[in-house]
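User: I would like to go through this model and ask what stands behind each label. Please set the values against the cut-offs.

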Amino acid sequence: MVQNLDYLKETASQTAGPYVHIGLIPKQAGFDIFENNFTNILADENTRGERIIIEGRVIDGTGTPLRDALLEIWQANADGRYNHELDRQKSGKVDDDFRGWGRTGTDFDTAVYRFETIKPGVVSGRNNRDMAPHINFWIVARGINIGLNTRMYFADEADKNANDPVLNLIEQHERRKTLIASRDDSGPVPVYRFDIVLQGENETVFFDI
Amino acid sequence: MEFYQRDRTLQPAGYTPIYKTSVARSPRQSLLSLQGSLSEVTGPVFGQNELGPLDNDLIRNYAKDCDPIGERIIVHGRVLDENNRPVPNTLVEFWQANAGGRYRHKKDTYLAPIDPNFGGCGRALTDENGYYFFRTIKPGPYPWRNYVNSWRPAHIHFSVFGSGFAQRLITQMYFEGDPLIKECPIVHVIPDEDAINRLIAPIDLNGSVPLDTIAYKFDIVLRGRRSTLFENRLEGN
């Protein structure tokens with residue numbers, strides 16, 4: 001016999017279910033209950049950085065877009081700093097007008113999700129290797145037993161993407177493209193399009209983080 | 001301050017044919033293992049000033065003329081990490097059906113009625129000891145389309161943040177003694193019997209308010225952070 005390791009066990013995940021909107025974005029469920037709602041708008045007028053819109057769909061293995069998915073994003077600010085005490089990078093500074101987190105649901109009719117945010121800066125990664133600008137995504141829905149983690153990168157940062165330590169972990173080069181959002185400059189605010197494919201051809205790379 | 005590797009033997013797989021909707025919504029490729037960087041070990045911080053005074057009282061936060069119908073219950077417990085340390089000041093959100101098993105949601109068409117005095121959602125921040133509590137009515141079971149005759153056990157959905165985005169968790173709390181738990185495909189996507197049992201909240205008479213409200217206790221465990229002296233460096237200087 002040996003001593004017991006007295007670690008606790010992580011609570012098991014369960015699906016967010018079809019009615020996740022009630023708890024996390026009740027206005028989409030069809031009612032108004034909280035004074036303060038969490039939204040898909042991450043930046044206010046004082047936030048530093050380039051305004052961008054991110055739009056896309058979450059697509060299942062049959063090619064059908066999900067109309068009941070919930071997405072959250074987490075990102076650094078324009079300087080590449082996270083608004084969190086564990087970010088002790090010496091470069092850049094925290095932006096008090098930017099938490100860096102937002103949530104939204106895919107639309108019940110169009111199946112499109114949308115975030116309004118700013119483009120993040122470069123963040124220092126493990127072993128001093130810079131990570132290209134990126135946004136962390138977390139996706140839950142009916143039929144998803146445990147939240148899926150992925151990252152969105154920016155098509156207009158090709159040089160930084162080529163040296164990104166995380167993209168370079170993806171053995172199949174073709175699959176790296178699944179994490180890179182295209183940029184559309186035809187409107188007043190640049191729109192990045194980022195579809196997430198849950199299964200099959202062009203399946204998005206998901207991470208065990 | 002990266003996290004311990006997630007123990008996937010205690011977590012459901014993505015592809016679980018007994019829960020039919022998971023079949024088309026689960027990745028076929030392996031998840032790519034990624035050591036934590038700043039992007040994973042940090043996460044959003046929330047403040048008490050973002051919550052309203054009734055946000056943790058589902059009996060009152062949508063009541064129009066009177067209290068909602070149903071068994072009055074308190075749900076309380078702690079958010080801990082795998083190191084058995086409290087997770088303070090973290091956001092816990094919860095949502096549920098009403099006493100008849102009906103959700104206030106434009107896509108729920110079950111024939112049990114909406115309760116005009118019940119919204120079905122709330123939220124709380126844990127205190128410095130990781131403790132949270134809220135008051136609600138006990139949700140009812142309801143039918144769903146998996147097999148022809150599938151019924152969900154009574155449950156409350158929980159969403160928890162922790163202090164880093166890699167701790168983000170959604171789960172469901174079940175109630176001690178519910179005979180539908182053993183029949184439920186969504187429960188049984190979890191491959192470990194003890195892990196299932198940890199989702200079942202016991203009645204807690206000590207936490208109850210006599211002649212008023214009965215309590216259930218539900219602790220939640222998030223991933224723990226590594227704290228050895230031989231720290232891997234996450235970032236440069």
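**Cavities, pockets and salt bridges**

Analyst: The second largest cavity holds about 40 Å³ of space. This is a predicted model. B:Q96, B:N98, B:R102, B:Y103, B:R104, B:I114, B:D115, B:F118 and B:G119 line the second largest cavity. By class, its lining has three nonpolar, three polar and three charged residues.

User: What makes a space a cavity and not a pocket?

Analyst: In a cavity a 1.4 Å probe fits but cannot get out, whereas a pocket is an open set of points. The structure holds four cavities of 30 Å³ or more. The largest cavity has a volume of about 60 Å³.

User: Which residues line the largest cavity?

Analyst: Its lining draws on chains A and B, with A:W138, A:I146, B:F165 and B:R168 among them. That lining divides into seven nonpolar, three polar and two charged residues.

User: What is the volume of the largest pocket, and which residues lie nearest its centre?

Analyst: The volume is about 670 Å³. The largest pocket has 28 lining residues, and A:P18, A:Y19, A:R142, B:W144 and B:R145 lie nearest its centre. Two elements give two or more residues to this lining: α1 (20–24) of chain A and β6 (142–144) of chain B. β6(B) gives the most, with three residues. By class, the lining of the largest pocket has 13 nonpolar, eight polar and seven charged residues.

User: And how much space lies in the second largest pocket?

Analyst: About 460 Å³. This second largest pocket is lined by 23 residues, of which A:E85, B:V87, B:P88, B:S163 and B:R225 are the closest to its centre. The lining of the second largest pocket splits into 10 nonpolar, eight polar and five charged residues.

User: How do you know that A:D156 and A:K119 form a salt bridge?

Analyst: The cut-off is 4 Å between a side-chain nitrogen of Lys or Arg and a carboxyl oxygen of Asp or Glu. For A:D156 and A:K119 the N to O distance is 2.7 Å, so the pair meets the cut-off.

User: What does the pair tie together?

Analyst: A:D156 lies in the loop between β9 (148–154) and α3 (158–162) of chain A, and A:K119 in the loop between β5 (113–118) and β6 (123–124) of chain A, so the bridge ties together parts that are 37 residues apart in sequence. Both residues also belong to a salt-bridge network with A:E50, A:E157, A:K160, A:R183 and A:D185.

User: Why is A:K119 called buried?

Analyst: Buried means under 20% relative accessible area. A:K119 has 10%, so the label buried applies. A:D156 is at 36%, and therefore counts as partly exposed.

User: What is the distance in the bridge between B:R60 and B:D67, and how are the two residues classed?

Analyst: Their closest N and O atoms are 2.9 Å apart. B:R60, at 40%, is partly exposed. B:D67, at 28%, is partly exposed.

User: Why does the pair B:E183 and B:K182 count as a salt bridge?

Analyst: The N to O distance is 3.8 Å, so the pair falls within the 4 Å cut-off. Both B:E183 and B:K182 are exposed. Over all chains, the structure holds 33 salt bridges.

User: What makes B:I203 part of a nonpolar patch?

Analyst: A patch residue needs over 30% relative accessible area. B:I203 has 39%, so this condition is met. B:I203 forms the patch with B:L205 and B:I214, with about 260 Å² of accessible area together. B:I203 lies in the loop between β10 (200–201) and β11 (214–217) of chain B.

Note on methods. Residues numbered from 1 in each chain as written. Chains lettered and ligands numbered in written order. Predicted model: local features only at pLDDT ≥ 70, side-chain atom pairs only at ≥ 80, totals over all residues. Heavy atoms only, no water. 1 Å grid on protein atoms, 1.4 Å probe; cavity = no way out; pocket = protein on both sides within 12 Å on 5 of 7 lines; lining within 4 Å. Points joined across faces, edges and corners; volume = space filled by probe spheres on them. Helix = DSSP H or I, 4+ residues; strand = E, 2+ residues; numbered from the N terminus. Nonpolar A, V, L, I, M, F, W, Y, C, P; charged D, E, K, R; others polar. Patch = residues over 30% accessible without salt bridge, like charges linked within 9 Å, V, L, I, M, F, W, Y side chains within 5 Å. Areas by Shrake-Rupley, 256 points an atom, 1.4 Å probe, with all protein chains shown as cover. Buried < 20%, exposed > 50% of the residue type's maximum accessible area, 1.4 Å probe, protein only.
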